[in-house]
Amino acid sequence: MPIRIARGLLAWWLRRAGYAGITLPPLGIYLLGHRIDDVRLRRHEAAHWQQYRRLGLVRFSALYLWGLARYGYQRHPMEIEARRAERES
Ligand SMILES: [Zn+2]
């Protein structure tokens, strides 16, 4: 599970969108530089990586986008699962 610092256009987009990180399978997890050591954020994105590993790239991407349209970000079941993982060690 590669974790990298987001740079350039991706870092710009993350800041603009109000996110600190994003999981972009199969490339890896990208975090803003000042949040690279944030344990909760790393757990959150690692949970998304596990979802990708469990579902495969096509189903992960399709389910994520469908859930976003259906539930929005906060109530998205995959986000709820990732937020739960933030609290687990
Ligand atoms: Zn998330």
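Which elements do the buried residues of α2 pack against? The views below take this up in a predicted model, in which local features need pLDDT of at least 70, side-chain atom pairs count only at pLDDT 80 or more, and totals for chains, interfaces and linings use all residues. Residues are numbered from 1 along each chain as its sequence is written, and side-chain values use heavy atoms, with hydrogens and water left out.

**View 1. Helix α2 and its packing partners.** The buried residues of α2 pack against β2 (21-24), β3, α3 and α4 (77-86). Helices (H or I, at least four residues) and strands (E, at least two) are DSSP runs, numbered from the N terminus. Buried in α2 are Leu41, His44, Glu45, Ala46, Ala47, His48, Trp49, Gln51, Tyr52 and Leu55. Buried means under 20% relative accessible area, exposed over 50%, and partly exposed in between (1.4 Å probe, protein chains only). The end C-alpha atoms of α2 are 24 Å apart, in agreement with the 24 Å that its 17 residues should span at 1.5 Å a residue. The expected span is 1.5 Å times one less than the number of residues.

**View 2. The largest nonpolar core.** Eleven residues form this core: Ala20, Ile29, Leu31, Ile36, Leu41, Trp49, Tyr52, Leu55, Phe60, Tyr64 and Met78. Two or more residues each come from β3 (28-31), α2 (39-55) and α3 (57-71). The top contributor is α2, with four residues. A nonpolar core is a set of buried Ala, Val, Leu, Ile, Met, Phe, Trp, Tyr and Cys residues joined through side-chain atoms within 4.5 Å.

**View 3. Surroundings of tryptophan 49.** Neighbours within four places in sequence aside, tryptophan 49 is in contact with Met1, Pro2, Thr23, Pro25, Pro26, Leu27, Gly28 and Ile29. Contact means heavy atoms within 4.5 Å. A second, separate core has six residues, among them Ala6, Ala11, Leu14 and Tyr30.

**View 4. Histidine 76 in its loop.** Histidine 76 lies in the loop between α3 and α4. Its relative accessible area is 1%, so histidine 76 is buried. Beyond neighbours within four places in sequence, histidine 76 is in contact with Leu63, Tyr64, Gly67, Leu68 and Tyr71.

**View 5. Serine 61 and glutamine 51.** Serine 61 is in helix α3. With a relative accessible area of 30%, serine 61 is partly exposed. Serine 61 and glutamine 51 are ten residues apart in sequence and 10.0 Å apart in space, C-alpha to C-alpha.

**View 6. Leucine 9 on the surface.** Leucine 9 is in helix α1 (residues 8-17). Its relative accessible area is 69%, so leucine 9 is exposed.
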